[in-house]
Amino acid sequence: MASGWGITGNKGRCYDFWMDFSECMSRCREPKDCSLLREDYFECLHHSKEYQRRNRIYKEEQRQLRVASQKKKEGGDGGGGHH
């Protein structure tokens, strides 16, 4: 992972993030000073924030579809029965 070589023999997709993080760690006084670079590196490796965002978007889409479906059912039943 830190060698810089990707699976295809080229530079790895997260190598630049690793180098930034590694350089920061070698010159910082406390590891917490590099926390944002560490976060970027881990996001590149695992995409956890991306997956969380996709999941939130999917759940919101499903919620909106349920609301629209309920409104459609309520509108269809209540329109012609009252005189």
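This is a predicted model: local features need pLDDT of at least 70, side-chain atom pairs count only at pLDDT 80 or more; totals for chains, interfaces and linings use all residues.
Student: What share of the 83 residues of the protein chain counts as buried?
Tutor: The chain has three helices and zero strands, counting DSSP runs from the N terminus (helices H or I, at least four residues; strands E, at least two). Across its 83 residues, the buried share is 11%.

Student: At what angle do helix α1 and helix α2 pack?
Tutor: Helix α1 covers residues 15-27 and helix α2 residues 35-46. Axes are lines fitted to C-alpha atoms, for helices over the stretch in contact, with angles from 0 to 180 degrees between N-to-C directions. The axes of α1 and α2 are 9 Å apart, and the angle is about 155°.

Student: And how is α1 oriented relative to α2?
Tutor: Angles under 35 degrees count as roughly parallel, over 145 as roughly antiparallel, 65 to 115 as roughly perpendicular and the rest as oblique. The packing angle is about 155°. That makes α1, relative to α2, roughly antiparallel.

Student: Which residues in α2 does α1 meet?
Tutor: Contact here means heavy atoms within 4.5 Å. From α1, the residues involved are Phe17, Trp18, Asp20, Phe21 and Cys24. Their partners in α2 are Leu37, Arg38, Asp40, Tyr41 and Cys44.

Student: How many aromatic pairs are there?
Tutor: Rings of Phe, Tyr and Trp (its six-membered ring) pair if their centres lie within 6.5 Å; planes under 30 degrees apart count as stacked, over 60 as edge-to-face and the rest as tilted. By that rule, the count is four.

Student: What kind of pair do Trp18 and Phe21 make?
Tutor: Their ring centres are 6.1 Å apart. Since the planes sit at 65°, the pair is edge-to-face.

Student: What about the pair of Phe21 and Tyr41?
Tutor: Phe21 is buried, with a relative accessible area of 11%. The ring centres of Phe21 and Tyr41 are 6.4 Å apart and their planes are at 15°, so this pair is stacked.

Student: How far apart in sequence are the parts that Phe21 and Tyr41 tie together?
Tutor: Phe21 lies in helix α1 and Tyr41 in helix α2. So the pair ties together parts whose separation in sequence is 20 residues.

How values were computed:
Residues are numbered from 1 along each chain as its sequence is written. Side-chain values use heavy atoms; hydrogens and water are left out. Buried means under 20% relative accessible area, exposed over 50%, partly exposed in between (1.4 Å probe, protein chains only).
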